[in-house]
Amino acid sequence: MPSQCRLLVRNAAQLVQVSDSGAQYLGKAEMQRLVVITGASIVINREGLIEAVGPNELIQSKYTGVTFDQEIDACGMCVLPGLVDAHTHPVWAGDRVHEFAMKLAGASYMEIHKAGGGIHFTVEHTRKASEEELFERLRGRLWRMVRTGTTLVECKTGYGLNLETETKMLRVIERARRELDISISSTYCGAHSVPRGKTPAETVDDIIRVQLPKLKEMMANGEFHIDNIDVFCEKGVFDLDSTRAILQAGKEMKLQINFHGDELYPMHAAELGAELGALAISHLEEVSDAGIAAMATAKSCAVLLPSTAYILRLKTPRARDMLDAGVIVALGSDFNPNAYCCSMPITMHLACVNMKMSMNESLVAATINAAYALGKSHSHGSLEVGKQGDLLIINAPRSIGCLHFDNHRIRELFGCNRRPSVHYVCTSSLGILSSC
């Protein structure tokens with residue numbers, strides 16, 4: 001018998017499940033064959049999980065006589081999984097607007113970094129900010145992400161570079177996880193840069209001998225939860241040996257390896273990540289052919305960040321080469337003070353235009369594959385029975401090419417254990433994946 005149900009969405013012109021096979025991710029071939037039901041309904045139970053999905057007639061017959069807490073008639077509309085943002089840096093204070101003029105004048109990322117700007121500028125302001133100030137800033141940023149369709153987001157630390165501020169950022173992320181209506185994957189990124197006054201060797205030693213043991217203790221005490229460990233593996237920051245040591249220490253704490261690699265220089269970070277069993281590696285603008293092959297074999301996900309390549313004028317990530325080689329490809333906004341984009345629709349648009357991904361591929365990369373990069377594709381990223389009931393209702397009869405955000409009205413529907421997100425998105429044109 002059907003359980004007591006809180007929500008029925010019925011009569012959708014299209015319901016894009018993405019997958020219906022329980023797949024953890026989709027490769028290039030599967031990306032071309034998305035599971036789409038025409039004339040469809042979906043049922044969400046009071047635990048916030050998908051209880052049933054299928055053609056209208058099937059759902060109607062199964063739930064005859066059942067009273068729902070709410071029903072939504074999606075006639076002429078399309079239902080999609082909530083979008084997943086697999087890479088963000090949303091906890092920080094201060095701004096770096098002044099650096100944009102420096103970039104326009106020709107300064108590179110590392111030139112700004114060495115001049116005292118970049119990460120170190122943000123670290124200074126984040127260390128001074130109170131926990132409450134950081135939470136309020138994070139709340140606003142996450143709300144803007146929700147308004148553009150994101151229902152699961154990865155949130156990194158990395159603007160503390162010392163135990164005190166990194167733990168402050170982790171507490172802020174944990175509070176957001178508990179209080180806000182968005183699912184969060186938390187990442188410790190204490191190795192985002194080498195702090196002023198320390199050498200790389202001293203920094204690695206501090207992270208492995210001081211910070212990680214303390215974080216393990218605090219996690220055991222229930223102060224916060226950490227899902228992933230990240231390192232900025234880059235020339236002039238953390239080399240391969242340093243990166244290996246930190247990631248291995250995190251792996252021994254049962255943290256998922258999900259790190260920055262091969263962004264500005266070819267560091268062979270992809271090969272290292274594959275060797276360590278990394279769940280995901282981000283950026284990869286300078287990845288080698290050998291690195292691509294190694295990631296494909298290891299099933300390490302490539303989290304590509306087209307907005308960063310665009311804003312920093314970097315080499316475009318080799319999405320087509322990766323897909324052809326069998327690499328699992330996901331997308332992230334890389335929202336941060338240096339690349340201020342919190343919209344997955346814009347990220348998807350750039351992936352199509354600049355990285356030559358198809359619309360199907362960009363949707364998969366922003367849903368189930370992005371969830372895989374966070375170790376959450378068992379619960380997010382597709383509209384399948386038993387998964388989290390996060391979905392978008394788009395006022396357009398077709399999914400592909402119609403995710404144009406002109407007007408939003410997002411409503412919280414009752415309370416539940418996991419707070420699923422139902423987004424109502426009104427469109428007036430068929431422009432592809434642009435955002436207000």
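Biologist: Which residue stands opposite cysteine 78 in E14?
Modeller: Isoleucine 394 stands opposite cysteine 78 in E14. This is a predicted model, in which local features need pLDDT of at least 70 and side-chain atom pairs count only at pLDDT 80 or more, while totals for chains, interfaces and linings use all residues. Residues are numbered from 1 along each chain as its sequence is written, and side-chain values use heavy atoms, with hydrogens and water left out.

Biologist: What makes strand E5 and E14 a pair?
Modeller: Strands pair if DSSP finds at least two bridges between them. Strand E5 (residues 78–81) and E14 have four bridges, in the antiparallel sense. Strands themselves are DSSP runs (E, at least two residues), as are helices (H or I, at least four residues), and they are numbered from the N terminus.

Biologist: Which way do the side chains of strand E14 point?
Modeller: Leu391 and Ile393 point one way, Leu392 and Ile394 the other way, and all are buried. In a regular strand the side chains alternate between the two faces of the sheet.

Biologist: Why are strand E6 and strand E13 said to stand at the edges?
Modeller: The open sheet has eight strands in the order E6-E7-E8-E9-E10-E11-E12-E13, with parallel pairing. Strand E6 (83–85) and strand E13 (329–331) each have a single partner strand, so one side of each is left without a neighbour in the sheet. From one strand to the next, the twist averages 25 degrees.

Biologist: Why is lysine 156 called buried?
Modeller: Buried means under 20% relative accessible area, exposed over 50%, and partly exposed in between (1.4 Å probe, protein chains only). Lysine 156 has a relative accessible area of 1%, so the residue counts as buried. Glutamate 154, at 0%, is therefore buried too.

Biologist: What makes lysine 156 and glutamate 154 a salt bridge?
Modeller: The term requires a side-chain nitrogen of Lys or Arg within 4 Å of a carboxyl oxygen of Asp or Glu. For lysine 156 and glutamate 154 the N to O value is 2.6 Å. A search of the whole structure finds 24 salt bridges.

Biologist: Why are glutamate 71 and arginine 10 called partly exposed?
Modeller: Glutamate 71 has a relative accessible area of 42%, so this residue is partly exposed. Arginine 10, at 27%, therefore counts as partly exposed as well. Their side chains meet in a salt bridge (3.0 Å, N to O). The pair links strand E4 (residues 68–73) with strand E1 (residues 5–18), and the two residues are 61 residues apart.

Biologist: Why is aspartate 289 called exposed?
Modeller: Its relative accessible area is 54%, so aspartate 289 is exposed. Its salt-bridge partner is arginine 318, the closest N and O atoms being 2.5 Å apart. Arginine 318, at 23% relative accessibility, counts as partly exposed.

Biologist: Why does the span of H7 agree with its residue count?
Modeller: The expected span is 1.5 Å times one less than the number of residues. For the 17 residues of H7 that should be 24 Å, and the end C-alpha atoms are 24 Å apart, so the values agree.

How values were computed: Axes are lines fitted to C-alpha atoms, for helices over the stretch in contact, and angles run from 0 to 180 degrees between N-to-C directions.
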